[in-house]
Amino acid sequence: MANLNSPFVSLKDIVNERSEALRLKVRVVRVWEICQRNNPSNVFSVEMVLVDAEGGRIQASIRKAMIRKFKSSTVEGGVYKMIYFSLVENGGEYRACSHQFKFLFQPRTRIFPTESEVIPRFGIQAKDFEELQQTNGVSHYMFDFIGLLTAVGEEREFMKFGRPIRVLEIELTDDKAVMKCSLFGHFIEMMKNFLANGVDDLGILVIQFAKVKEYLGQVSLHTVDNSTRLLWNPQISEVISFKDRLKLEVRDHSETAHFVLFDFDVASLLSMSCASIVGDAKVPTLHYPPELDMLIGKELLFKVEVKAERAFKFDDSFKMKLKGPVNEVFNVEDDQPGDESTPPEIAPLIEQYNEAEMSPLSLGESSGAAACLAPQKRKAGPRPGRGGPAKKSLHPKVLKVEKN
């Protein structure tokens, strides 16, 4: 039987439902209330997520009868030593953790404030696009996701349970694909505040404890009242590593744009990762790493996916795929310096290379590609293709890298 001097137990090692006398050292990374739908003052329970030094997560619940005793005993972000819980199977439609069990506070539960520099601040356990797709939009669990903000839609309103519901759709891009996210209620104001501070740099959004849903054949993330958390460009290790991206200024014959390449594409171009490039910089400098010099002036072939119907404010962001340096893709010599147009020997090859319906596209019209731009607000004016069926075209673009 454990006592206050027993060794701390790892959350990952809790496998026995009868082990109630557990001594824990954990951080409370999230707290929220479960209330009656039309009466928020009627609180059924207080839920929280606990994280230990090994990154294990478990959900804990303070039932209604115990709220008065324990609600003020913990605060979000605080670190505590805890002992004596009831362990029950982790169930319900909105499970914040994948752990087999969850804790229930009981009258004999004891809590002592403490400190720790090794327990994670937010306890992020981010899933990637492919892992979320495998749920097919059906899961009892809530998930974390980290992505580059590449599109923000128009706020809209619909009726549910006889009351108006506001929703704002956004798109987040990781190194796999684009994930659509629906923000509800006060999360809309949070996003507007994020954007009001400017998005000149890469806007990285962390969304925690969100539900997956299936809508129109696509898996998307939905915020959940009270439990979901949004973090905008937080200075934490998970986001710093995610920011290992390469932002290029490129141009064709019409205009310049900014493309953001993820680590996989950078490695294919430079034979080294973004992390390696940054790591080789021994001292801080205002200049970019010299390894990038080899990209200046190089002509690259991209494929840009364009939808005829655009429903987002940030329409200057499209899904794109790097095919490689032009001379390698088509096995031809580099064109002469200063020639900004597509080389004549490449044009017919591009025509054959395209696998979908072609239509004219210049950087002056698109200003970028998905998984590329830090979002830019759409210019006033009618949206092309508005009202018609959404069509996709793949547009090969030969672009030259510029030195900014």
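In the predicted model examined here, helix 5 is followed by Ser 271, whose phi is positive, near 60°; helices (H or I, at least four residues) and strands (E, at least two) are DSSP runs, numbered from the N terminus. Within helix 5, which spans residues 263-270, Asp 265, Val 266, Leu 269 and Leu 270 are buried, where buried denotes under 20% relative accessible area, exposed over 50% and partly exposed the range in between (1.4 Å probe, protein chains only). These residues cover an arc of only 110° around the axis, which puts them on the same side of helix 5, the arc being that of the directions from the helix axis to the C-beta atoms.

Because the model is predicted, local features need pLDDT of at least 70 and side-chain atom pairs count only at pLDDT 80 or more, whereas totals for chains, interfaces and linings use all residues. Residues are numbered from 1 along each chain as its sequence is written, and side-chain values use heavy atoms, with hydrogens and water left out.

The protein contains 9 helices and 19 strands, and 48% of its 404 residues count as buried. Of the contacts (heavy atoms within 4.5 Å) with a separation of 6 or more, 67% are accounted for by residues 24 or more positions apart.

A sheet of 7 strands is open, with the order 5-6-3-2-1-4-7 and mixed pairing; two strands are taken to pair if DSSP finds at least two bridges between them. Strand 5 (86-89) and strand 7 (110-114) stand at the edges, each with a single partner strand, so one side of each is left without a neighbour in the sheet. Neighbouring strands of this sheet are turned by 40° against each other on average, direction ignored, as judged from axes that are lines fitted to C-alpha atoms, for helices over the stretch in contact, with angles running from 0 to 180 degrees between N-to-C directions. Strand 3 (residues 57-63) and strand 6 (residues 101-104) pair in the parallel sense over 3 bridges, and the bridge partner of Ser 61 in strand 6 is Leu 104.

In helix 3 (residues 186-196), the residues Phe 187, Ile 188, Met 191, Phe 194 and Leu 195 are buried. Seen down the axis of helix 3, its buried residues fall within an arc of 120°, so they line one face of the helix. They pack against strand 8 (142-152), strand 10 (163-173), strand 11 (178-184), strand 12 (204-215) and strand 14 (229-232).

When residues up to four places away in sequence are not counted, Leu 172 touches several residues, among them Phe 145, Leu 149, Thr 150, Val 178, Leu 205 and Ile 207. Thr 150, found in strand 8, is buried with a relative accessible area of 2%.

Lys 321 lies in strand 18 (residues 319-325). The C-alpha atoms of Lys 321 and Leu 261, which are 60 residues apart along the chain, are separated by 9.2 Å.
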